[in-house]
Amino acid sequence: MGSFNEADDNVVARITPASVKQAILEIGVSSDCEAVFVSCTSMRVARIIEEVEKELGKPVTSSNHALAWHMLRLGGIGEQIAGKGELFRRSLG
């Protein structure tokens with residue numbers, strides 16, 4: 001588990017994707033870690049997921065990322081979406 005220990009959501013939204021990526025890599029590198037879930041909805045994660053997954057060799061997602069995937073699948077859009085990580089290459093079933 002990791003945290004930026006920032007309570008102000010306005011500040012969290014300004015944490016750079018590079019900083020988020022570094023945090024994901026630091027946490028995800030552990031052999032005890034099978035995947036990384038970023039739980040804060042203000043974290044800008046979607047644009048870096050594909051890149052971080054390739055570096056880690058493990059799945060990475062966030063609440064917004066997973067929600068977007070689920071909404072697309074429930075809406076009948078089942079195609080794989082390149083560049084958005086492993087989750088977006090999966091079907092709903």
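Student: Which residues of α2 are buried?

Tutor: Buried means under 20% relative accessible area, exposed over 50%, and partly exposed in between, with a 1.4 Å probe and protein chains only. In this predicted model, the buried residues of α2 are Pro-17, Val-20, Lys-21, Ile-24, Leu-25 and Gly-28. They lie on the same side of α2 because they cover an arc of only 135 degrees around the axis, the arc being that of the directions from the helix axis to the C-beta atoms.

Student: What covers the buried residues of α2?

Tutor: The cover includes β1, α3 (49-56) and β2 (60-62), where contact means heavy atoms within 4.5 Å.

Student: Which residues are exposed on the other side of α2?

Tutor: Ala-18 and Glu-26 are. Ala-18 counts as exposed because its relative accessibility is 57%.

Student: How many residues does α2 have, and how far does it reach?

Tutor: It has 12 residues and reaches 16 Å from first C-alpha to last, close to the 16 Å expected at 1.5 Å a residue; the expected span is 1.5 Å times one less than the number of residues.

Student: What do the numbering and values rest on?

Tutor: Residues are numbered from 1 along each chain as its sequence is written, and side-chain values use heavy atoms, leaving out hydrogens and water. Local features need pLDDT of at least 70 and side-chain atom pairs count only at pLDDT 80 or more, while totals for chains, interfaces and linings use all residues.

Methods
Helices (H or I, at least four residues) and strands (E, at least two) are DSSP runs, numbered from the N terminus.
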